[in-house]
There are 2 protein chains.
Amino acid sequence: MAHQVTIKDIAKILGISASTVSRALKDHPDISPKTKRMVQAFAQKVNYRPNALALNLRRSKTNTIGIIIPEIVHHFFSSVISGIEKVAYAAGYNVMICQSNEDYNREVIDAQALLDNRVDGVLMSLSKTTFDHDHIRNLIDHGIPVVFFDRAPNEIEADKVFIDDFMGAKIATHHLIATGCRNILHLAAPSHLLIGQRRRDGYIKALEENGIQFNPDFIIKCDTRDDVFANAGKILQLANQIDGIFTVNDSTAIATMQVLMKNGIRIPEHISVIGFGDGPNANICYPPLSTVEQKGTEIGKEATQLLLNQIENTEDIYKPTTKTITPVLRIRESTLM
Amino acid sequence: MAHQVTIKDIAKILGISASTVSRALKDHPDISPKTKRMVQAFAQKVNYRPNALALNLRRSKTNTIGIIIPEIVHHFFSSVISGIEKVAYAAGYNVMICQSNEDYNREVIDAQALLDNRVDGVLMSLSKTTFDHDHIRNLIDHGIPVVFFDRAPNEIEADKVFIDDFMGAKIATHHLIATGCRNILHLAAPSHLLIGQRRRDGYIKALEENGIQFNPDFIIKCDTRDDVFANAGKILQLANQIDGIFTVNDSTAIATMQVLMKNGIRIPEHISVIGFGDGPNANICYPPLSTVEQKGTEIGKEATQLLLNQIENTEDIYKPTTKTITPVLRIRESTLM
DNA sequence: AACGACGTCGCAAACGTTTGCGACGTCGTT
DNA sequence: AACGACGTCGCAAACGTTTGCGACGTCGTT
């Protein structure tokens with residue numbers, strides 16, 4: 001119940017003014033060595049700690065960065081957070097995390113909450129249900145830098161960091177083709193998300209480069225475990241026409257393998273499956289999943305670095321950049337040799 | 001770049017005092033209906049939002065709760081966060097998350113940061129390397145309520161919420177015995193963690209209740225995937241003496257299964273394996289893992305509810321309670337029928 | 001006509017800092 | 001002896017709110 005000791009308390013006890021205490025604590029040249037020693041010793045003794053609330057108000061800077069993500073319980077996002085946390089912490093920033101639950105309305109409220117709390121910057125990945133971006137413009141208009149990762153809107157000029165989705169999808173598809181697949185199904189994310197669009201484009205590009213005719217029937221919108229079970233009928237119906245599947249993420253791939261295997265289809269002998277993401281599941285599922293590595297932690301670090309640059313570099317007008325992280329193929333046992 | 005409009009701004013433009021604006025905005029009876037209408041209409045027009053920083057300082061209340069967890073990239077902890085976030089949000093609180101990375105020193109710094117930022121309360125789960133609790137007492141001494149979940153110190157009086165580790169371990173071990181196992185290895189967490197201790201005790205209790213002699217050689221300290229690989233030799237050496245394994249968590253169980261299977265041991269025919277946790281991995285690994293369900297989200301919700309009670313109930317002295325959530329057996333294919 | 005009640009507002013202080021500016025004393029120089 | 005330079009400190013305002021208290025006007029009552 002001990003109330004935190006303040007500069008005023010110290011001043012009163014020591015019989016000097018608060019300004020002198022404040023200056024003594026930060027080694028200001030105006031203060032005599034004797035006073036400094038006295039103040040610093042006393043402050044240490046009573047374990048003085050500046051009140052961050054007062055500091056925040058005074059400098060209107062909170063040393064806090066806000067994060068808005070679709071959901072925390074998701075390996076990719078939690079590893080992004082981990083990366084963010086690491087570099088933010090090293091730079092003396094705290095993080096405030098909001099979860100949109102893939103809900104646009106919640107995302108709007110979150111953005112407002114972060115603005116109300118005057119975070120110094122925002123790191124975000126769009127929810128699947130947001131098509132309007134006024135809440136983001138609102139942040140930017142109020143001078144709060146925003147950088148996106150993974151899921152970013154086309155229409156907003158801002159720093160963005162992605163894995164190279166196009167390239168990743170391309171090398172995944174290439175790998176399927178190189179191991180003999182010719183009729184490749186793609187389980188895709190909605191195309192209003194850049195990532196859905198780009199991974200689909202990479203898939204198509206790989207087909208083209210190998211002279212394989214693109215078949216529009218071979219793309220199904222299906223990007224969650226539940227989606228797979230909902231679409232199981234459709235997928236099984238295609239099963240005898242295809243020899244490979246490229247999915248937009250790992251959990252879709254794993255659920256697909258489970259559905260196929262339960263119906264007597266052998267992987268990779270009958271159908272090869274490759275995912276995208278490389279979470280820990282890829283090592284744990286059966287068979288171990290070939291996939292594309294999408295380094296969440298690295299993305300988080302890069303995004304935070306970009307944000308800090310913007311926060312600390314207030315002078316000139318900022319020119320948005322897009323960082324792209326090159327993905328790597330992880331070949332395991334769900335594809336042929 | 002538009003600076004946020006303040007009460008002072010409104011007062012100046014409308015030609016009235018800031019106090020009147022403040023009161024008009026919160027419908028104070030002292031203010032005339034005409035003035036209220038004018039102020040409220042104007043505030044709405046310019047999208048006035050109170051500055052949370054100033055409010056925080058004024059009431060020395062931040063409507064923020066701090067979280068300290070060992071690591072975010074872990075299904076159990078991220079689902080706890082998800083639960084916390086849910087009830088905190090509903091009650092108008094933000095969350096500030098710190099990751100100790102299982103490092104005591106970092107945990108101390110995190111606690112200090114949360115204190116500096118005057119969070120209204122702290123939810124935490126101890127790192128594996130903390131044996132000293134002064135940083136926690138410091139929080140409590142300064143009037144910040146703390147509630148623990150999952151990993152809590154014995155020596156501190158505070159609200160705590162656990163799954164019933166003892167019971168969970170007991171029913172898991174019972175299940176192994178009921179399906180025919182007699183020589184059961186336990187891969188355990190360090191016993192200075194309550195959870196390690198309790199799960200071990202539950203294991204021993206189950207043996208006792210079934211008249212099975214407890215063999216101290218059948219407990220190995222081994223509670224991560226990496227630990228399993230490090231201890232692979234020791235485990236394989238025991239393999240022909242045992243017919244069941246109960247592990248302190250799922251990832252240990254899964255890694256163990258992989259090590260055993262790679263060495264030609266069949267699961268569950270030769271050795272049954274049961275875990276603790278029931279993350280998504282349990283469904284994804286091969287064979288699907290029998291385990292004990294440890295509802296992270298529910299734990300997070302309960303813990304937050306306890307914390308909010310404490311925060312809002314400042315009147316009388318608080319009597320710490322411990323909530324215990326009953327676990328449920330999830331039988332899948334890594335144990336016999 | 002005088003007084004009290006009430007409605008409506010503004011002043012000022014406060015939360016805990018920081019910082020520009022001026023005040024005061026001492027000392028050395030001319 | 002007088003003046004300037006410099007060292008050392010405190011006052012006051014500011015960040016954006018809230019709130020106790022008092023001020024002022026109007027109206028109704030006796």
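This is a predicted model: local features need pLDDT of at least 70, side-chain atom pairs count only at pLDDT 80 or more; totals for chains, interfaces and linings use all residues.
1. Residues are numbered from 1 along each chain as its sequence is written, chains are lettered from A in the order in which they are written, and side-chain values use heavy atoms, with hydrogens and water left out.

2. Chain A is superposed on chain B by a rotation of 180° with 0.0 Å of shift along its axis, at an RMSD of 0.1 Å (least squares on the C-alpha atoms of residues with pLDDT of at least 70 in both). The two copies are thus related as by a two-fold rotation axis.

3. Chain A and chain B each bring 50 residues to their contact (heavy atoms within 4.5 Å). Since 100% of the interface residues of chain A are also interface residues in chain B, the copies meet through the same surface.

4. About 4700 Å² is buried between chain A and chain B, with 53% given by carbon and sulfur atoms (accessible area, 1.4 Å probe, that two parts lose on being put together, summed over both). Of the area that chain A buries against chain B, 14% comes from L53(A), R118(A) and I284(A), more than from any other three residues.

5. Within chain B, α1(B) passes α3(B) in a right-handed crossing (the near helix turned clockwise from the far one by less than a right angle; helices being DSSP runs of H or I, at least four residues, numbered from the N terminus). I10(B), I13(B) and L14(B) of α1(B) make this contact with M38(B), V39(B), F42(B) and A43(B) of α3(B).

How values were computed. Helices (H or I, at least four residues) and strands (E, at least two) are DSSP runs, numbered from the N terminus.
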